[in-house]
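Thanks for coming. I will go through one structure today, a few parts at a time. Please have a look at the sequence and the model first.

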Amino acid sequence: MDLKQMQDLHIDSKADFHAPSKINPQFITAFKKSCIIISNDFESEKNYLSNTYAKEDIRIYDLEELKIDDAHEIIEEAHIATTKDKIIAIFAFSYNHYAQNALLKILEEPPTHIIFMLYITARNKLIPTIFSRLVVFNKSKKIHAKPLELDLTRLTIPMVYEYVNKLEKEHISYEQGRKILSQILDSMIANNILLDEKGLERFNMALHALYSKQSVHIALLPILLSLVKG
């Protein structure tokens, strides 16, 4: 993981990971306009959509990065004929530039009954041209980052296992897991704990595991154990 990726994670951790107020589904249907939704709680948003709309009325794309092949698949999905409104919701932590350009035309002139909902974590995730074509709902909420529950300067193996067992029992979401990973980084910086090459590799593996939807307690265990002294 390079410095830029670490900085991005640090910045994203300042957002509120609690579920923000939901957009009324009747409003979206009546609005009949594609939109961009800025949110830092993808899990809650996806659960809300899945529980609100019938399966045939919505298609959810859950991606780490929207790539050109994904864009082509989305375009094909949008052109499937339908006699009633259908939502295509795209959740991605990053949007490939070429994929965005491929979607421009269909976002500007979507097929009949198709409503696009593009979920992003920050405004800089999409090119300005897309922003100029769609309405934007900012549902993110800034809060002060909470400190890590663990004291990394006095970390022991029993403390690590007690902590990860707690995470397992609380069914921590992937977004919350990424926030905890950022808290670990903040605590390391505050306590002058340097990340060597192996440490960076563990950090990168933990982040990749969380994006791959591995259980949070399993993803965080290796990096926490590596911080135990002695």
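I start with a pair of helices. The crossing of H8 and H10 is right-handed. This is a predicted model, by the way. H10 covers residues 216-226, and the axes of H8 and H10 come within 10 Å of each other, crossing at roughly 15°. Angles under 35 degrees count as roughly parallel, so H8 is roughly parallel to H10.

Which residues of H8 meet H10? They are Tyr-174, Gly-177, Ile-180, Leu-181 and Ile-184. On the H10 side, the partners are Val-216, Leu-220, Ile-223 and Leu-224.

H8 spans 174-190 and helix H9 spans 197-211, and Asn-192 lies in the loop between them. Is Asn-192 buried or exposed? Its relative accessible area is 67%, and the cut-off for exposed is over 50%, so Asn-192 counts as exposed. Asn-192 is also 39 residues away from Thr-153 in sequence, while their C-alpha atoms are 9.8 Å apart in space.

Next, the sheet. Five strands make up an open sheet, in the order S2-S3-S4-S1-S5, with parallel pairing. The edges are taken by S2 and by strand S5, residues 135-138. Each of these two has a single partner strand, so one side of each has no neighbour in the sheet. On average, neighbouring strands here are turned by 20° against each other, ignoring direction.

As a reminder, strands of a sheet pair through backbone hydrogen bonds, either parallel or antiparallel.

Last, helix H3, residues 42-52. Which residues of H3 are buried? They are Phe-42, Glu-43, Glu-45, Lys-46 and Leu-49. Around the helix axis they cover an arc of only 165°, and so they sit on the same side of H3.

What do those buried residues pack against? Their contacts are with strand S2 (58-66), strand S3 (86-95), strand S4 (114-120) and H8. H3 itself lies across S2, S3 and S4, and runs at about 170° to S3.

That brings us back to H8, which packs with the buried residues of H3 and also meets H10. I will stop there.

How values were computed:
Residues numbered from 1 in each chain as written. Predicted model: local features only at pLDDT ≥ 70, side-chain atom pairs only at ≥ 80, totals over all residues. Heavy atoms only, no water. Helix = DSSP H or I, 4+ residues; strand = E, 2+ residues; numbered from the N terminus. Buried < 20%, exposed > 50% of the residue type's maximum accessible area, 1.4 Å probe, protein only. Arc of directions from axis to C-beta. Contact = heavy atoms within 4.5 Å. Pairing = 2+ DSSP bridges. Axes fitted to C-alpha atoms, helices over the stretch in contact; angles between N-to-C directions. Parallel < 35°, antiparallel > 145°, perpendicular 65-115°, else oblique. Left-handed = near helix turned anticlockwise from the far one by under 90°.
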